[in-house]
Amino acid sequence: MNTKKKYEMLKEHISDLDNLIVAFSGGTDSTFLLKTAHEILGNKVIAVTAKSCSFPQRELNETIAFCEKENIHQIICDLEELNIEGFSRNPTNRCYLCKKELFAKIWAVAKDNGIHNVSEASNIDDDRDYRPGLKAVSEYGVKSPLRRVKLTKDEIRSLSKKLGLPTWNKQPFACLISRFPYGEYITPQRLSMIDRTEQLLLDIGLRQVRVRHHGNLARIETDELGFNILMERSQREKVYKQFKEIGFIYVTIDIIGYRTGSMNETLPINIVKSLYKI
């Protein structure tokens with residue numbers, strides 16, 4: 001099935017709904033879904049965005065700016081994952097625990113606003129990754145329109161570009177907790193260390209970057225552009241100095257570079273299913 005047909009099916013599916021909440025993170029997928037839903041349902045669509053210590057302020061600001069520009073009603077709800085029982089221990093099902101809490105809050109917003117449908121923006125490619133949060137999607141009856149019509153990430157980027165969305169080529173972003181090995185205790189201070197160091201790298205020109213937290217060691221994952229920037233001695237010295245000031249003792253650059261969910265490489269092979277082939 002070609003992209004155009006999938007897009008038409010998506011619009012038909014949304015038009016069958018009387019109203020809708022879109023869980024809106026500001027990423028490529030949720031921005032595309034929100035834009036499409038708003039074009040079809042108008043003011044019967046509400047964007048709900050979670051505010052938490054694992055969601056950088058810059059990302060939240062982008063969601064606010066987009067909704068204001070598109071005249072979309074947005075509700076921001078507080079989500080403190082670290083208050084969820086067992087979450088701070090960073091178990092392998094942490095995404096499930098987080099999504100359960102998030103969707104419970106979103107359904108409460110839906111009830112308060114007379115909304116009968118809640119949606120999220122996973123795409124068909126997510127079925128090939130380790131995504132425990134999708135269990136919560138199913139349990140809470142949350143719709144996944146992009147997965148329903150089997151849109152891929154590349155197709156969503158292509159359609160987003162045609163719609164003139166600024167996020168069509170936005171780099172993937174995952175919550176800051178994904179920067180920690182499973183089982184490593186999560187604290188607000190450690191999350192702040194990741195937020196500050198990643199912002200530092202973005203400020204010197206890196207676009208695709210993750211700072212993985214391994215105790216007193218920071219492991220930087222980046223793309224070829226980032227490698228080139230960090231090959232300059234002055235930049236490395238600047239990064240090292242500021243990482244030390246933030247609280248890391250050792251700073252390394254991962255020679256393989258950025259890849260989605262690299263912390264999943266520590267999971268049992270039956271979970272990972274050989275997703276990462278180097």
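Biologist: In which strand is the place of threonine 222?

Modeller: Threonine 222 belongs to strand β6, residues 217-222; helices (H or I, at least four residues) and strands (E, at least two) are DSSP runs, numbered from the N terminus. The model is a predicted one, in which local features need pLDDT of at least 70 and side-chain atom pairs count only at pLDDT 80 or more, while totals for chains, interfaces and linings use all residues. Residues are numbered from 1 along each chain as its sequence is written, and side-chain values use heavy atoms, with hydrogens and water left out.

Biologist: Why is threonine 222 called buried?

Modeller: Buried means under 20% relative accessible area, exposed over 50%, and partly exposed in between (1.4 Å probe, protein chains only). Threonine 222 has a relative accessible area of 1%, and therefore counts as buried.

Biologist: What does threonine 222 touch?

Modeller: Leaving aside residues up to four places away in sequence, threonine 222 touches Leu206, Gln208, Val209, Phe227, Leu230, Gly257 and Tyr258; contact means heavy atoms within 4.5 Å. A polar atom of the threonine 222 side chain lies 2.9 Å from the backbone oxygen of glutamine 208.

Biologist: What makes arginine 212 and glutamate 221 a salt bridge?

Modeller: The term requires a side-chain nitrogen of Lys or Arg within 4 Å of a carboxyl oxygen of Asp or Glu. The side chains of arginine 212 and glutamate 221 meet at 3.1 Å, N to O, and form a salt bridge. Arginine 212 has 2% relative accessibility and therefore counts as buried; glutamate 221 has a relative accessible area of 0%, so glutamate 221 is buried.

Biologist: How do you know that aspartate 254 and arginine 219 form a salt bridge?

Modeller: Their side chains meet at 2.7 Å, N to O, in a salt bridge. The pair links distant parts of the chain, 35 residues apart: aspartate 254 is in the loop between β7 (250-253) and α11 (269-272), and arginine 219 is in strand β6. Aspartate 254 is buried because its relative accessible area is 10%, and arginine 219 is buried because its relative accessible area is 15%. Salt bridges that share partners join Arg212, Arg219, Glu221, Asp254 and Arg259 into one network.

Biologist: How many salt bridges does the rule count?

Modeller: The count comes to 17 salt bridges. One of them pairs glutamate 70 with lysine 35, the closest N and O atoms being 2.9 Å apart. Glutamate 70 lies in helix α3 (residues 57-70) and lysine 35 in helix α2, 35 residues apart. Both glutamate 70 and lysine 35 are buried.

Biologist: Into which domains is the chain divided?

Modeller: Domain 1 covers 3-163 and domain 2 covers 176-253; domain bounds come from an automatic or database domain assignment. The centres of the two domains, taken over C-alpha atoms, are 28 Å apart. Domain 1 gives 14 residues to the contact and domain 2 gives 17 residues.

Biologist: What area do domain 1 and domain 2 bury between them?

Modeller: They bury about 1300 Å², 59% of it on carbon and sulfur atoms; buried area is the accessible area (1.4 Å probe) that two parts lose on being put together, summed over both. Arg58, Asn90 and Arg94 supply 40% of the area that domain 1 buries against domain 2, more than any other three residues.

Biologist: How many salt bridges does the rule find across the interface of domain 1 and domain 2?

Modeller: The rule finds one salt bridge across that interface. Arginine 58 forms a salt bridge with aspartate 195, with the closest N and O atoms 3.3 Å apart.

Methods. Polar contact = N/O pair within 3.5 Å; in protein donor to acceptor, adjacent residues only side chain to side chain.
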